[in-house]
Amino acid sequence: MTATTMFPLPIAIPLAVAAFIALSGKLLGRRFSDALAIATAAANLWMTISILRATWLQPQTYWFGNWWPRAHDVALGICFTVDSVGASLAVLASLLTTAGLLFSWEIFEDTENHFQPLMLIFMAAMCGFSYTGDLFNLFVFFELMSVAAFALCGLKTLEPAPLQGAYNFGLVNTVGAFMIVMGIGLLYARTGALNFAQVGRSLGSSSDALVLLAFLLISVGYMVKAAIVPFHFWLADAHAVSPSPVCVLFSGVMVELGIYAVARVYWTMFQGGLAAHTRELRAILLVMAAITAIVGALMCYAEHHLKRLLAFSTIAHAGLMLAGVGLLAPKALGGFSLYVLSHGVVKGGLFLCAGIVLHRLRKIGEDHLHGEGKGMWWTAGLFLLGAWGLAGAPPFGTLLGESMISDSAKEFHQAWLPYIFMFAEIVTAGAVFRATFRIFFGWGELAPTDRSSQIEEKPETDEEEENVPAVMFVPAAVLILLGIALSAVPNLRSTAEAGAQLFTNQFTYAQAVLQNVEPAAPALTAPEPLTSSIVRSCIALALALLLALGSLFHKRIGGWLKFTHSLELGNPILRKAHSGHPGDYVAWLSFGTALLGGMFVWFLRR
Amino acid sequence: MLNYLTYIVAAWIFLWGLYGIVTSKNLVHQVVCAAVLQTSTYVLLLGIGFKVGGTAPIFADIPVGTSVVDPLVQALMLTDIVVEATVMALLLSMVVKSNEVAGTVDPEELRVLTG
Amino acid sequence: MSSRARTIFFLISAAGLAAVFAWGFRDAPPLGDYRGPYGDVVTQVAGYERHATDVVNAINYDYRGFDTLGEEFIFFASVLGVLLLFRPQKEKENEAKNDSKEQEHLEEELPVSDTLRVSMQLMVVIMIVFGVYIAAHGQLTPGGGFQGGVILASAPLVVYLSGNAETFERIVSSPLIKLAESGGAAGYAIVGAAALFFGAHFLTNIIPLGMTGDLFSSGTIAVISALVGLEVTGGFVLLMKTYLQEIIVAHGEKK
């Protein structure tokens, strides 16, 4: 069996198993369903890794139903075009699902075996999303992913908060999905095609108002999923209430897939037409990225509900990742793919740690848990390591990704960008440090409360146990350590850049898909020295620690360091904007779309 | 103007759907507004596939080679309908639950998570 | 935001959005000016390549069958989600026990005339025949698994409306419903994977295509259409069952 024949399996097998568990789960019992689901996810991990190895700097195309493209590049069928970037995202999705399913071994007594099939469907959808080479197929997997996610988010239906979170998530994302359908329709009206390569070739270097509108609608739709400000409001609500293993998938890979989709549609279809306006588009995307990073970081520090805190940190890092795509350069995109992987495992590990806290201490609010976690040193250690990773300090893989994006930013004379990254890293890592010191060490003053942290989250396990079960601790530890192990892979940065070069080359992409011409593997370039990035990230780490200590001991220190406390209290206007009202969120979505559309009209028209 | 009517109608429905969602004071009503919003995509897709003089793409009783409208947009629309129906079912089940658990279907009163 | 502020904020944004739409649509192809190529090519080749007369379904279940696999699982996941949201939870176990009594109580309350009952029974027969017909002829005439499944799934609802709640309960609680739903969904993936054993790609149409116009023509299109029909029937019946039960519980609580 060659690797290409394996392409449909990471989608087909979990789907079939999901149907099987849904049917016979009650008969076979909880444990058997769990074991079967974990085995399927682990098998998926193995398959996606094999696919990654086979497509390493060697994109491959697979036509469903043997419908190869016909004369004049007309593709009637759907294809998977797997390259290193997509393949590695599928590995991440399978890895995090396996970890999440393992973690859930001990929790959820009463899902009637509906939880495992939904997780498997979620995983299959994410794999299909990263592999596909077809515009509408991308949307189908996007919806499959969303529907599974909505249901998983509302799992704890006994309280109002999960319902509010899941409903807001569902409504806002659905509006985004309709925008994507409109965008696809408009592109189809122009080109009569749905295959990325075919649409890209048909558009060529022409761009007009219709194409620009399609680009606007499609990218806004995916940016809703990617939680880019001002489309991000749903994310914090959804994360705060989702079960921890589900949060791992939301933050670790689903959000990133939204940004990946923007990158994919831009480079396969729109880059030719927008070539004359790259500078303007870059500026627009970078401004959005910077705002996202700042808003996410500020809200993250002001939050005391542990999961919501991590959720806002994801928004801040999503800004960083959008910058990786928005620089519109292979090097930055390579940095993006590395950052996604390392951030995904670290953030996933942190969410599992939050799940451990909820399991052991029965609460999730930092203000309620002051000093409660004393004695849980291993978990505390994982939190500290995770914060270290969020700061992007060595030896974590996040450093490599961030340094590539920063280097690329300097090449485009955007030297301000690394400082924004630094700000986001200091504040988000500082927030996790602060929470760890309070919960596990009992340091400093009591945390000020905010409304969200008052929500009593129902623990996911039934009985309080004295120790942390291995199925909870090991997945969390493995994920966070993988964030370190990633940076030990040889030639990682140069390979990522080479993979990104293949990703961004519209011409060779279309040739590979439509004519089956294998693109030449790009030469590996020597990566730039890491010295400046290491220095910067070590400063960031030190400042993050200082920030955390400053707000812990704000009463004892005086003067200008008091600002750390006001940072913790949060900005009242920003807080008020996150109102929890779905109407507000959709109003912001309309506002963002209109504003972005206005900028497109102004800066990108012919 | 008439040549662009489907596009205008689609945008019109789309914006009214958004208006409904934003101003709604009842979650059931809000979900139905999302369904209204969705119909804009039907109009848009069907308009795109329409061909002057084209008939339905079913060759059971017309000779092969007759001019027909684009069947693909209809296939896409079928997917679209299924997606809509399923998402609405899920959202409505959350609304029913919210009525049961929180005793309200007003988005204003369901706000637990803020800031 | 207050509701007034929100409306104003939205109206300003909507004006901008409308302007962007209007600007973009200027370059759209006018209505009726279809330029292809997808639709033109597929209508030319579908009859010859797939022996199907309904090109929409040839696309749905063959050319772009992989989309429909995803679509079917979207539906499957949402049914699972609704079942998950409405699952009886621990705190409610006592109430759940009361449900059955409440339900019986409700059944007694509904007086139904014989005329209504007989005509409804007649309608059920017609609906089942029509649903099977629509689902089975997907490759020939408008219809197919989704459409046929929805018609079939509304048959039990008619039973319920005719006051025969007990029969309804018996039909919808049958394990066959669950089997149809999951089996239909898994079957699609399995039919797709079967092609792999013949050395072909996933979802290749490996069954002989038969005579154009026959019931058993178009190979896997008819098979998949039938499987989708099963899944949609089962799924919608489960959805209706869950919603109706939930309403009955809520109704009981109010009393």
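Student: Axes are lines fitted to C-alpha atoms, for helices over the stretch in contact, and angles run from 0 to 180 degrees between N-to-C directions. At roughly what angle do the axes of helix 23 of chain A and helix 1 of chain C cross?

Tutor: The crossing is at roughly 35 degrees, and the axes come within 8 Å. Helices (H or I, at least four residues) and strands (E, at least two) are DSSP runs, numbered from the N terminus. This is a predicted model, where local features need pLDDT of at least 70 and side-chain atom pairs count only at pLDDT 80 or more, while totals for chains, interfaces and linings use all residues. Residues are numbered from 1 along each chain as its sequence is written, and chains are lettered from A and ligands numbered from 1 in the order in which they are written.

Student: Is that crossing left-handed or right-handed?

Tutor: Left-handed, a term for the near helix being turned anticlockwise from the far one by less than a right angle; clockwise is right-handed.

Student: Which residues of the two helices meet there?

Tutor: From helix 23 of chain A they include A:Gly583, A:Ala587 and A:Phe591, and from helix 1 of chain C they include C:Phe9, C:Phe10 and C:Trp23. Contact needs C-beta atoms, placed from the backbone, within 7 Å. The residues of this contact divide into 10 nonpolar, 7 polar and 2 charged. Ala, Val, Leu, Ile, Met, Phe, Trp, Tyr, Cys and Pro count as nonpolar, Asp, Glu, Lys and Arg as charged, and the others, Gly among them, as polar.

Student: What does the secondary structure of chain C come to?

Tutor: Chain C has 10 helices and 0 strands. Of its 255 residues, 46% count as buried; a residue is buried with 20 or more other C-beta atoms within 10 Å of its own, exposed with 12 or fewer, and partly exposed in between, the C-beta atoms being placed from the backbone.

Student: On to chain B. How many residues does the contact take from chain B and from chain A?

Tutor: It takes 34 from chain B and 43 from chain A. Helix 3 of chain B gives the largest share of the chain B side, 12 residues. By class, that side has 20 nonpolar, 10 polar and 4 charged residues.

Student: And B:Phe50, where is its place?

Tutor: B:Phe50 is in the loop between helix 2 and helix 3 of chain B. B:Phe50 counts as partly exposed because 16 other C-beta atoms lie within 10 Å. Leaving aside neighbours within four places in sequence, B:Phe50 is in contact with B:Val69, C:Leu31, C:Gly32 and C:Tyr34.

Student: Back to chain A. In what sense do strand 1 and strand 2 pair?

Tutor: Antiparallel, over 4 bridges; to pair, two strands need at least two bridges found by DSSP. One bridge joins A:Trp63 to A:Cys79 in strand 2 of chain A. On strand 2 (residues 79–82), A:Cys79 and A:Thr81 on one side and A:Phe80 and A:Val82 on the other are all buried.

Student: How many residues has the largest nonpolar core?

Tutor: It has 354, and A:Ile121, A:Phe122 and A:Ala148 have the most contacts inside it. Such a core is a set of buried Ala, Val, Leu, Ile, Met, Phe, Trp, Tyr and Cys residues joined through C-beta atoms within 7 Å. Leaving aside neighbours within four places in sequence, the contacts of A:Ala148 include A:Ile121, A:Phe122 and C:Ala77.
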